[in-house]
Amino acid sequence: NGVPTVGRGWSLRPLFDVQHHAAIAQLHREYLDAGADLVETASYTVSDEALAELGLALPGGAETLLDRALACALRAGAAPARVVVALGPYNACRFDGGEYRAPAVDVDALCAFHARRLAQLSRVLRARGAGGGDAAPVAAVALETIASHAEAAAITRALDALPADSAVRGLDVWCSLTLTARGQTHDGRRWARQPQLTCRAA
């Protein structure tokens, strides 16, 4: 389909280059045609930090890319309630496999990173008339391949601090973690299941 899948930042560049949007939508459509109940947006690596890392710039930054990712899923014919918005960990912005390592920043910085991206997503959902409350929701937000206990805690803080008018409030949110063979997060903490990380952002 002509979409490059090699090179640094390959997973973000197709959203940046609008010529590839039809191919992204086609991939979503193929999953739906095969019987998928949900499709995930192609936004796992989207963040302002990722754009800066790749030396890319566009008006609206990551917020524009989140909107483009959602548009591709909807263009495929997915009803909003069948779309999951995918968001990766802080280290995904480095494009060096670091999402499988604990980030070298503190909890406050991680919380600010995730809060900023959730705020960007809220604005995208509001602009499209989607989100929590009375508007038709997307199905969920997926925060994926979180490698450290500290980042999981930061995500919890960011969700707890969502403004009352956030379009993310009322949506289902899940958080998946990567663990070592010893059942530890990558900052050496034994993971005890924390149900609040799989919750409604309410």
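A: Axes are lines fitted to C-alpha atoms, for helices over the stretch in contact, and angles run from 0 to 180 degrees between N-to-C directions. Helices (H or I, at least four residues) and strands (E, at least two) are DSSP runs, numbered from the N terminus. This is a predicted model, in which local features need pLDDT of at least 70 and side-chain atom pairs count only at pLDDT 80 or more, while totals for chains, interfaces and linings use all residues. Residues are numbered from 1 along each chain as its sequence is written, and side-chain values use heavy atoms, with hydrogens and water left out.

Q: Fine. At what angle do α2 and α4 pack?

A: The angle is about 50 degrees, and the axes of α2 and α4 are 7 Å apart. The two helices are therefore oblique to each other; angles under 35 degrees count as roughly parallel, over 145 as roughly antiparallel, 65 to 115 as roughly perpendicular and the rest as oblique.

Q: And which residues of α2 and α4 meet?

A: From α2 there are His21, Ala22, Ile24, Ala25, His28 and Arg29, and they meet Arg68, Cys72, Ala73 and Arg75 in α4. Contact here means heavy atoms within 4.5 Å. By class, this contact of α2 with α4 has 5 nonpolar, 2 polar and 3 charged residues. Ala, Val, Leu, Ile, Met, Phe, Trp, Tyr, Cys and Pro count as nonpolar, Asp, Glu, Lys and Arg as charged, and the others, Gly among them, as polar.

Q: Is the crossing of α2 and α4 left-handed or right-handed?

A: α2 passes α4 in a right-handed crossing. A crossing is left-handed if the near helix is turned anticlockwise from the far one by less than a right angle, and right-handed if clockwise.

Q: Next pair: how do the axes of α4 and α5 cross?

A: The axes of α4 (residues 61–75) and α5 come within 9 Å and cross at roughly 50 degrees, which makes α4 oblique to α5. This crossing is right-handed. Ala62, Glu63, Leu66, Asp67 and Leu70 of α4 meet Arg117, Gln120, Leu121, Arg123, Val124 and Leu125 of α5. The contact of α4 with α5 divides into 6 nonpolar, 1 polar and 4 charged residues.

Q: What about α5 and α6, how do their axes cross?

A: Helix α5 (residues 107–127) and helix α6 (residues 149–160) have axes that come within 8 Å and cross at roughly 50 degrees, so α5 is oblique to α6. Their crossing is right-handed. The contact involves residues of α5 including Cys111 and His114, and residues of α6 including Ala154 and Arg157. It has 10 nonpolar, 1 polar and 3 charged residues.

Q: Changing topic: how much space lies in the largest pocket?

A: The largest pocket holds about 560 Å³. On a 1 Å grid over the protein atoms alone, a cavity is a set of points where a 1.4 Å probe fits but cannot get out, and a pocket is an open set with protein on both sides within 12 Å along at least five of seven lines; lining residues have an atom within 4 Å of a point. Grid points are joined across faces, edges and corners, and a volume is the space filled by probe spheres set on the points.

Q: Which element gives the largest share of the lining of that pocket?

A: α2 does, with 5 residues. By class, the lining of the largest pocket has 14 nonpolar, 7 polar and 2 charged residues.

Q: And how many cavities of 30 Å³ or more does a search find?

A: The search of the whole structure finds 1. The largest cavity is lined by Ser47, Asp48, Glu49, Phe113, Arg116, Arg117 and Gln120. α5 contributes the largest share of this lining, 4 residues.
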